[in-house]
Amino acid sequence: MNAVAARRVWSVVTHVLLLLGVAVSIFPFYWMFVMASRTTQDIFKFPPELLPGTHLLENFHKVFDSVNLLGSTANTIFVAVVTTVLVLFFDSIAAFAFAKFDFPAKNLLFVVLLVTFMIPSQLSTVPSFVIMANFGWVGSFQALIVPGAVNAFGIFLLRQYAQGAVSAELLDAARIDGCNFWRQYWHVAVPLLRPALAFLGIFTFINAWNDYFWPLVVLIDPGRQTLQVALSQLNGLYNTDYSMVMAGTLLAVIPLIIVFFLGARQFLADLAAGAVKQ
Amino acid sequence: MTTTTPIAAPAQAPEERRTTGSHAGRSKSELLSLYLAISPFYILFAIFGLFPIGFSLYLSFQNWNGIGAMKFVGLAQYQFMLSDPIFWKSIVNTFQIWFISTIPMLFFALVIAFMLNQQIRGRSAYRIAYFIPNVTSIVAIAIIFGSIFSNNFGLLNAALEGLHLDTVEWLNTPWGIKVAIAAMVIWRWTGYNAIIYLAGLQAIPTELYEAAKVDGASLWQVFFRITVPLLRPIILFTVITSTIGGMQLFTEPQVLVGNGGGPGSEGTTMVLYLYQQAFINNQFGYGAAIGWGLFVIMILFSLINWRLVQGAGNRGSRKGVRA
């Protein structure tokens, strides 16, 4: 076998192995779709049906009749969007100040910020709940949004980016034109930070959408649940009606996949670059 | 999992640090603006980060159900914790699940990254396909895996039956539960780690590979003598992040086998046990003590992993390739 042929064989083998991995990665989604589009009787058949059926809409209807999925989806969209907007704003003003300006105690303050990375959230779960109870926030969206409205991760990320992307000359020019800190932020920094903001935005949105532990703890009122909590209850309450539960999970996953696809390429590149830099 | 991982900073060449002006040249109002800009983080951290930590230390010395009066009990919660068989079981469970998920996960991730690093078509499509599991709702995935691993009508058991093999009561047996949970972790995080490794591989100079080829090295030798040693810092990064993530495992077991951790508490992880004690049994003081126990274990285990990966890498580099 000559070198060219060997290379071709190796390339085919690589693709076959990689596609096998892709199949594993995609299969649960396919299986979710199969079950969401069939009746529960179909699911319990042996051997199991491996192709999608025709009951998808019917199952969606059943989901909406059983739990307040529309309401909890609206709640989740609200919480995720507000959290994302707040994180982008608060993180970027802090990052801009840290990256491009000097002020007393700056380095100390930044070290403090980095140290907070290390603290696991479980340590403060119980007292955080007690604090929320004292604020009268248990069962309200403030309890989800406010503690996560600004974070060290995003400030660190945006600061690193701003150091390279926002040039001192541009800021000097803006200063000479009479721009104060806020105008420099809005007119110079924000446009230049856009790629990093997009990454942080997608990242924050996906995490807020998927958050389960804290909403489970703090949102007790059934009318104020998020999608993930409603979903877990749908699973617990209607354990036998698999097709309906699967229709619900499908609805919970689709928006995320859409958000991910919107920025996938840039997102993956940024994610990888960050890890390598560490 | 919550996002405590210190990942990501865009691929931007860090320019020499330049800050405009000096302290002396700043007007008072500008300094005020700067402190105002950074203040939200410190205010929220003080209320929802720092204060709760002190408060949780205080709570861990109390007996409190969240409604009545607190009762100071000194170290009793900690003493109870150390003699609580389910607390120890939750530690053992967490480590078992971590072990059987992390090793295959990082190995598969490395192999996938190695393959994707060849001159191969459709690389970005592959990257997207491998990353999709990571952006999916864990609750949804736990429900789907629950149906795949289901004892009676699960797809996996149907497949085993189809192959005339013995079926397994996945969600009733000690190892079955752990394998099901580990499968979810592996499925969710392999692609993520592969993307991270791929970025590391692309930073390795191609001359090294070419030199190895000239010297007649086999693919196997290239992988273990060049790729793995040079990836050491990145492998360390992924080991530490999966340690932190693995110690915080909660959603997968909670949705799969419920608050009690399933038969024999075999699926009770440390965080699930904290949740169960604090928010199901209303043992707030005990929950706080478990939080501190968890914190100590996480720190110790992260340090051990750090030393192990560093040490292994050092030995590797002394033998041959130098980073």
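Chain B meets chain A through 101 of its residues, which are in contact with 115 residues of chain A. Keep in mind as you look around that this is a predicted model. Putting the two chains together buries about 10,000 Å² between them, and carbon and sulfur atoms give 75% of that area.

Let's turn to the polar side of this interface. Between chain B and chain A, 14 residue pairs are in polar contact, counting pairs with both residues at pLDDT 80 or more. As for salt bridges across the interface, the rule finds 1. To find it in the viewer, go to A:Arg175 and B:Glu30, whose side chains meet at 3.2 Å, N to O.

Which helix of chain B gives the largest share of the side that touches chain A? That is helix H1, residues 28-59, with 21 residues. Taken as a whole, the side of chain B that touches chain A divides into 68 nonpolar, 24 polar and 9 charged residues.

Now step back from the interface and look at chain B itself. Its secondary structure consists of 13 helices and 2 strands. Of the 323 residues in chain B, 54% are buried. How do contacts in chain B link parts of the sequence? Among those between residues at least 6 apart in sequence, 67% join residues at least 24 apart.

How values were computed. Residues numbered from 1 in each chain as written. Chains lettered and ligands numbered in written order. Predicted model: local features only at pLDDT ≥ 70, side-chain atom pairs only at ≥ 80, totals over all residues. Heavy atoms only, no water. Helix = DSSP H or I, 4+ residues; strand = E, 2+ residues; numbered from the N terminus. Buried < 20%, exposed > 50% of the residue type's maximum accessible area, 1.4 Å probe, protein only. Contact = heavy atoms within 4.5 Å. Buried area = accessible area lost by both parts, 1.4 Å probe. Salt bridge = Lys/Arg side-chain N within 4 Å of Asp/Glu carboxyl O. Polar contact = N/O pair within 3.5 Å; in protein donor to acceptor, adjacent residues only side chain to side chain. Nonpolar A, V, L, I, M, F, W, Y, C, P; charged D, E, K, R; others polar.
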